[in-house]
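Please read these notes with the model open beside you.

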Amino acid sequence: MSSEVSDSVIEVTGLSRSFKKNVALRDITLSVKPGQVFGLVGENGAGKTTLIRHLLGAYMAKTGTVRVFGLDPVANPVSVLARIGYLSEDRDLPLWMKVRELMAYTQAFYPDWDPTYAEDLRNRFGLPLDAKIKQLSRGEKAKAGLLMALAHRPELLLLDEPSSGLDPVARKDILGEVIRSVAEEGRTVIFSSHLLDEVERVSDHIALIHDGVVALDMPMDGLKDSHHRIVVRFSEGRASFPDMVGLLHAEGSDKEWRILCTGSREDVHGLLQEMGGQLIETMVPTLDEIFLARVKGIQLNGAGAHHES
Amino acid sequence: MLHFNLSQSDGVPLYLQLIQQIKHFIATGRLTAEDELPPVRVLAQQLVVNPQTVVRAYRELEMAGLIYKRRGAGTYVSAQGTPYTEAECRRLLSERANALLVEARSLGFDLDSTIALVQECSAELDRLKEGTE
């Protein structure tokens, strides 16, 4: 594991975090490779923002370690933050400034600020230089925030719910610009969102945080290849679905059941046929279906884990 | 500009949808030999998908011999004919035929009445086609 540290942009190991008595993160271990677009998904309050704040050095790891570019962001804030572009969920922009002033102000923090690129972005986003931030629409504020995060061409882009609360047009502009920066510069991106459709489009790797735990961490292609939604029919009615390796969720009654399970397609089909099931249909599930099944599974299996901490 | 329609309601991986739609464009003549496909980053931006999704689709179409790369000069449709082999065509049509038969049986149509219905529909299509030409 430690030999891989050098080629990861981010390496989080055994990170736990509590606020008073609330456990926000439990034993999180994640690694992000250069050029990955890493989708971080989970419900609001699952711990995504807490994790991102650890990456920025805003929280200190008391249990576990956090490394960004191989450095501890709490001990090396200047060198780590200079290489990160960050768009926070609530944007955090100084509302009294004009766009022009905000650009000059942000530029002062970043030696690598690229004024030409910043101007390109401003034009593509249609942000007037003399507009006050306060007067910008929600979508324009998000675009201004993304401009400030991108214009120093950071190695790592941290986007916390970048399109939350935006209309479809503004969302497409924001995500399109992120795609452009990935396609043209191979930038590493962490992309947190609760909108699974857009995570599926934009990310090539996905991690599901649920209740402070990493419930799933795999490449997008692997996720789709290894999960199956199957309708199966038995010749005689059953009161419940039989125990089966890889079963995440089953619904139905009597003879016909619809299940979501993991494993190779051949293995899963073999198991079902052994128990006398007739395969009616095998489909690739949507991300929504996979995550719902995973989350329900955790709630059933992990009921006891909540009491210890 | 090619118009793709990526759906996320039924779980089919996005790169597979891209492959199927490009094959369909070739089969129906919307893309013909030596037409240039959009560069990866352009299509990725247009569709708002991860560039690797487009890379994977292009790679698999290239392995199937449907498209080819000119070094440093883009991706083009190959000169070969239909993107579907005869076996693939049979498989595609069998799927539709199976769906039709299942539906017909559950509605109480026997094979002969189903075939008669298909013939009626075919004649109706011919009539419509004559009308438009």
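Is the crossing of α1(B) and α3(B) left-handed or right-handed? The points below start there and then move on to the rest of the model, which is a predicted one.

1. The crossing of α1(B) and α3(B) is right-handed. Helix α1 of chain B covers residues 14-27, and its axis lies 8 Å from that of α3(B), at an angle of about 45°. Angles from 65 to 115 degrees would count as roughly perpendicular and those under 35 as roughly parallel, so α1(B) is oblique to α3(B).

2. On the α1(B) side of this packing are B:Leu14, B:Tyr15, B:Leu18, B:Ile19 and B:Ile22. They meet B:Thr53, B:Val54, B:Arg56, B:Ala57, B:Glu60 and B:Leu61 of α3(B). By class, the contact of α1(B) with α3(B) holds 8 nonpolar, 1 polar and 2 charged residues.

3. Where α2(B) passes α3(B), the crossing is right-handed.

4. Which residues bring α2(B) and α3(B) together? From α2(B) come B:Val40, B:Arg41, B:Leu43 and B:Ala44, and from α3(B) come B:Pro51, B:Val54, B:Val55 and B:Tyr58. The contact of α2(B) with α3(B) has 7 nonpolar residues, 1 charged residue and no polar ones.

5. Next, the interface between the chains. Chain B puts 14 residues in contact with 20 residues of chain A. On the chain B side, the elements that give two or more residues are α2 (40-47) and α3 (51-63). The most comes from α2(B), with 4 residues. That side of chain B divides into 8 nonpolar, 5 polar and 1 charged residues.

6. Chain A has 309 residues, of which buried residues make up 39%. Its elements are 10 helices and 12 strands. The C-alpha trace of chain A spans about 75 × 40 × 35 Å along its principal axes. Of the contacts in chain A with a separation of 6 or more, 69% join residues 24 or more positions apart.

7. In soluble globular proteins, nonpolar side chains tend to be buried together. Here the largest nonpolar core has 95 residues, and A:Leu158, A:Val189, A:Phe191 and A:Ala207 are those with the most contacts inside it. Helix α5 of chain A (residues 138-150) supplies the largest share of this core, 7 residues. Leaving aside residues up to four places away in sequence, A:Leu158 touches A:Ile52, A:Leu55, A:Leu56, A:Ile84, A:Tyr86 and A:Ile190.

8. A:Asp27 is not a glycine, yet has a positive phi of about 50°. A:Asp27 sits in strand β2 (residues 22-32) of chain A. A:Asp211, also not a glycine, has a positive phi of about 55°, and lies in the loop between β8 (205-210) and β9 (213-219) of chain A.

9. Are A:Asp27 and A:Asp211 buried or partly exposed? A residue counts as buried with 20 or more C-beta neighbours within 10 Å. A:Asp211 has 20 inside that distance, so A:Asp211 counts as buried. A:Asp27 has 13 C-beta neighbours inside 10 Å and therefore counts as partly exposed.

Key. Residues numbered from 1 in each chain as written. Chains lettered and ligands numbered in written order. Predicted model: local features only at pLDDT ≥ 70, side-chain atom pairs only at ≥ 80, totals over all residues. Core = buried A, V, L, I, M, F, W, Y, C linked by C-beta atoms within 7 Å. Buried ≥ 20, exposed ≤ 12 C-beta atoms within 10 Å, placed from the backbone. Contact = placed C-beta atoms within 7 Å. Nonpolar A, V, L, I, M, F, W, Y, C, P; charged D, E, K, R; others polar. Left-handed = near helix turned anticlockwise from the far one by under 90°. Axes fitted to C-alpha atoms, helices over the stretch in contact; angles between N-to-C directions. Parallel < 35°, antiparallel > 145°, perpendicular 65-115°, else oblique.
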